[in-house]
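The sequence and the structure come next.

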Amino acid sequence: MAMRSGTEQKLLDAAEELFFTRGIAATPIDAVLDRAGVSSATLYRGYPSKEALVAAALDRRHDDWLATWDRAVAAAADDRGRLLAVFDALDDYRSTAAGSRWCAFLGTAAEYADAPAEVHTVLDRETGALRTRLTERAVPVVGDRAGVLADQLLLVVSGYLAMRLRDPAGGTATARAVAAALVDAA
């Protein structure tokens, strides 16, 4: 029997809130069940393990993030703006409840020295999407140097997200300036 959509949303909401603010290891599955108001039988009908629930919450967050980034790209006026729109998207996403603290993907990667397969797959997909999208947007700006620039920008984005742990109120201005300088130098 499949899980009802409303039940699944409650479960994913609770998982996302608790795992990505308190930490995955620090959050027992019973806390997620209590927050969602569902039974363990309901949970395991949809997700065979805690890690499968973590992966599903990350997948949903990734979809939300990509939609935010797509909107920022669509609002940009030119190729350079579309490339740097990742910072507009970071600002926009940060204003949402899901994006208010920092990057759930970096946090999850930090929690697992050797991530289970389903979590590893989601983390790889997220990193690959960042790299691919940055590369695609860099091609019209820097041509055959797009891959190198994308890797540099990925490092800037990741550094900005990590710095949000130290300064939750800090904006993207410094990261954006570093990225713009990299684009100009390329």
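**Arg61 and Glu16**

Glu16 has a relative accessibility of 7% and therefore counts as buried (under 20% relative accessible area; exposed is over 50%, partly exposed in between, with a 1.4 Å probe and protein chains only). Arg61, at 6%, is buried as well. These two residues form a salt bridge, with the closest N and O atoms 3.0 Å apart (a side-chain nitrogen of Lys or Arg within 4 Å of a carboxyl oxygen of Asp or Glu). Arg61 lies in helix H4 and Glu16 in helix H1, 45 residues apart (helices are DSSP runs of H or I, at least four residues, numbered from the N terminus).

The model is predicted: local features need pLDDT of at least 70 and side-chain atom pairs 80 or more, while totals for chains, interfaces and linings use all residues. Residues are numbered from 1 along each chain as its sequence is written, and side-chain values use heavy atoms, without hydrogens and water.

**The network and other bridges**

Arg60 and Asp13 also meet in a salt bridge, at 2.8 Å from N to O. Arg60 is buried at 17% relative accessibility, whereas Asp13 is partly exposed at 41%. Asp13, Glu16, Arg60 and Arg61 are linked in a network of salt bridges.

The count comes to eleven salt bridges. Another one joins Arg176 to Asp88, at 3.0 Å between the closest N and O atoms.

**Arg61 in the H4 contact**

In H4, Val54, Leu58, Arg61 and His62 meet Ala104, Phe105 and Thr108 in H6 (contact means heavy atoms within 4.5 Å).

Conventions. Helix = DSSP H or I, 4+ residues; strand = E, 2+ residues; numbered from the N terminus.
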